[in-house]
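Take a moment to look over the model before reading on. We will walk through helix contacts, a ligand site and some backbone details.

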Amino acid sequence: MPIPETEKQTLLETFKAFLRIPSISTAPEHKPDILRAAQFVADKLRSAGLQDVHLMEGTGHPMVYGEWLGAPGKPTILFYGHYDVQPAEPLDEWISPAFEPAVRNNNIYARGATDDKGQVLIQIEAVARTMARTGSLPVNVKFLIEGEEEVGGESIEAYVKSKPARLKADAAVVCDSEMFAPELPTLCVGLRGIVYGELHITAASQDLHSGVYGGAAPNPLQAAAEIIASIKGPDGKIRIAGFYNDVQAPSDAEREAWARLPFNEEEYRQKEVGSKILVGEAGLGVLERVWARPTFEVHGIKGGFVGEGAKTVIPAKAVVKISMRLVPKQKPDVASKQLAAAIATVCPAGVIAEWKPFHSAPPCVVDTANPFIEAASLAMEKIFGNKTVFIRSGGSIPVVGLLQNELGLPCILMGFGLPDDNLHAPNEKLHLPNFYRGIEAVELFLEEVCKS
Ligand code: BES
Ligand code: MN
Ligand code: MN
């Protein structure tokens, strides 16, 4: 049902209140904010009319659960989202502060606006509106909202594995992805997996004067550079033995569908990436490179002197933060072992390099031959007024693999973000019309799915 202007104002105020909570999952000092965000979600679920709403607190950040099972004989939909957000740094790049939501040009700017607080609210508000209008829901619903998605936390895995009965459903809806273009309703049908970890490199027993010892002492930062450059060179090929063995190429039908998407490589380079050139493997299109090829990326290098000015030191150790994105048929455990072996092979003499994996998630592809995808596709189409496109995404959402592999659930990745939303970057935003249309689309989905 269309949302009247007055109600939009109320929805916006709720959204802003949620965005003001700096629920950064990686930062221990934000633990109280994490708890506040979880409680905010629980309160919203309760006021939407859900039952048995509670926080599940364990060693990690709390998960929030809620359900409404008043439609016997009708399907049960499990809704998933995450209330945790990425750190906001670099802070001085934000036009308005990251946790002081500001509306400009019909966009709301704040960390978490699109990833994933806006999309968590879309799901809850859709249920709340249906409930308020009709006094019930056309289908049964369960909500599982977590606070460790951005750090690959283990709570959700333990929960999904230990509580299969509680999460029993006919399908899962995950609102945590993007539309391919504005006005183009999109269902995401593939995600890359990930292996994230640190490479610890040690050399001398302590930091050394670079003039007195330079020329004799090994330098772990130099070693880091050599290791990184031996694993991936300018041709974009990842030189890890066996790494591509399990990579499954997209089908011809999928490639053809991607070729029909409205994609302009030059515009993508200028407007989204903002670089002089695009890199990567020769002979493959951009969409194939970011959706269907694995990666090796360095996210940060710690070591030596990084303060203002100069200091002549040969550091004793260095740490490199690394991730590999994985594509269908690659296995995180296998890839992680292959990387460890590759590091051992290329590690220069005189230093010790140790790979420490933190977390991982498998790649996934979504089966589209089910009535839930049909219902979602139709609902999106009706609200956005265009035919729904099916795309993959290069990002990872660990829970999707779990829901598919552990619970056998069909997953519907119904996302309302846009390509220029700046997720994980400064000036993250959500396009407000998409916030409201998202709510309407999920409402319509609930109606459509009831018919299946
Ligand atoms: N929502 C994103 C993933 C995403 C982005 C999916 C765009 C589809 C389109 C998610 O919050 C995310 O950032 N995931 C992390 C996972 C990791 C830390 C385990 C990622 O992809 O880096
Ligand atoms: Mn997300
Ligand atoms: Mn994210």
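Which residues in α6 meet which residues in α10? Ile 227, Ser 230 and Ile 231 in α6 meet Leu 339, Ala 342, Ile 343 and Val 346 in α10. Here, contact means heavy atoms within 4.5 Å. By class, this contact of α6 with α10 has six nonpolar, one polar and no charged residues. The classes are simple: Ala, Val, Leu, Ile, Met, Phe, Trp, Tyr, Cys and Pro count as nonpolar, Asp, Glu, Lys and Arg as charged, and the others, Gly among them, as polar.

A word on the ground rules. This is a predicted model, in which local features need pLDDT of at least 70, side-chain atom pairs count only at pLDDT 80 or more, and totals for chains, interfaces and linings use all residues. Residues are numbered from 1 along each chain as its sequence is written, chains are lettered from A and ligands numbered from 1 in the order in which they are written, and side-chain values use heavy atoms, leaving out hydrogens and water.

Back to the helices. Helix α6 covers residues 220-231, and helix α10 covers residues 332-346. (Helices are DSSP runs of H or I, at least four residues; strands are runs of E, at least two; both are numbered from the N terminus.) The two pack at an angle of about 120°, with their axes 10 Å apart. Axes are lines fitted to C-alpha atoms, for helices over the stretch in contact, and angles run from 0 to 180 degrees between N-to-C directions. α6 and α10 are therefore oblique to each other. (Angles under 35 degrees count as roughly parallel, over 145 as roughly antiparallel, 65 to 115 as roughly perpendicular and the rest as oblique.)

Now try a second pair. The axes of helix α1 (residues 5-19) and α3 come within 11 Å and cross at roughly 135°. This pair, α1 and α3, is therefore oblique too. Its contact divides into seven nonpolar, two polar and four charged residues.

Next, the ligand. 17 residues surround ligand 1 (each has a heavy atom within 4 Å of it). Among the closest are Arg 325 and His 424. A polar side-chain atom of Arg 325 lies 2.7 Å from an oxygen atom of ligand 1. For His 424, that distance is 2.8 Å.

Finally, follow the backbone. Most peptide bonds are trans. The bond from Glu 89 to Pro 90 is cis, with omega near -5°. Pro 90 sits in the loop between β3 and β4. Another cis peptide bond joins Asp 115 and Asp 116, and Asp 116 is found in helix α3.

Terms used: A polar contact is a pair of N or O atoms within 3.5 Å; within protein, one must be able to donate a hydrogen and the other to accept it, and residues adjacent in sequence count only if both atoms are side-chain atoms.
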